[in-house]
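Hello,

Here is the structure for you to look at. My notes on it follow below.

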Amino acid sequence: MPLHLWSSAAYAIELPPGHRFPMAKYALLRRARFSVYASLYEGFGLPVLESLSLGTPCLSSLSSSLPEVGRDAALHFDPLSVEDLSDRIAAVAALDASGRRALSRRCIEAAAHFSWDASFAILCGHLARLV
């Protein structure tokens, strides 16, 4: 599936599947006004977490694990409703500079709840109980 990034100038940039420039994805995502992740099913939600960790607001489906990953920083929408997605896009686009900074801070705070160290500690705890 191609990755679509939207810039503040409302241009869509598509990176082909298997692209070899992972840092380009992050550079574009960091400069984007917001990202959209419309998925009916997602195992964990890494694209949402990537966006949030860079301080880029994410419009995310209200399905599977995505609300847990996006917490209150992501703007969730019904993935089967074009109107719902349109409303969320309009809400993010209407934010002034102060509102964008506040939302960006919330994104970074939400992403901070997830780390490899914390995941490893939880996994070790579960494994220790099994042994």
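**Notes on the structure**

Helix α6 covers residues 116-130, and Leu127 is found in it. Helices (H or I, at least four residues) and strands (E, at least two) are DSSP runs, numbered from the N terminus. The model is predicted: local features need pLDDT of at least 70 and side-chain atom pairs pLDDT 80 or more, while totals for chains, interfaces and linings use all residues. Residues are numbered from 1 along each chain as its sequence is written, and side-chain values use heavy atoms, without hydrogens and water.

Leu127 counts as partly exposed because its relative accessibility is 44%. The term lies between buried (under 20% relative accessible area) and exposed (over 50%), with a 1.4 Å probe and protein chains only.

Now the strands. Strand β3 (residues 32-37) and strand β4 (residues 58-61) run parallel and are joined by three bridges. Two strands pair if DSSP finds at least two bridges between them. Val36 has Leu59 in β4 as its bridge partner, and Tyr37 stands opposite Ser60 in β4.

Strand β5 (residues 75-77) runs parallel to β4, with three bridges between them.

How many of the six residues of β3 are buried? Five are, and β3 is mostly covered.

β3, helix α2 (residues 46-53) and β4 form a β-α-β unit that is right-handed. With the strands pointing away from the viewer, the path from the first strand over the helix to the second runs clockwise in such a crossover.

Regards
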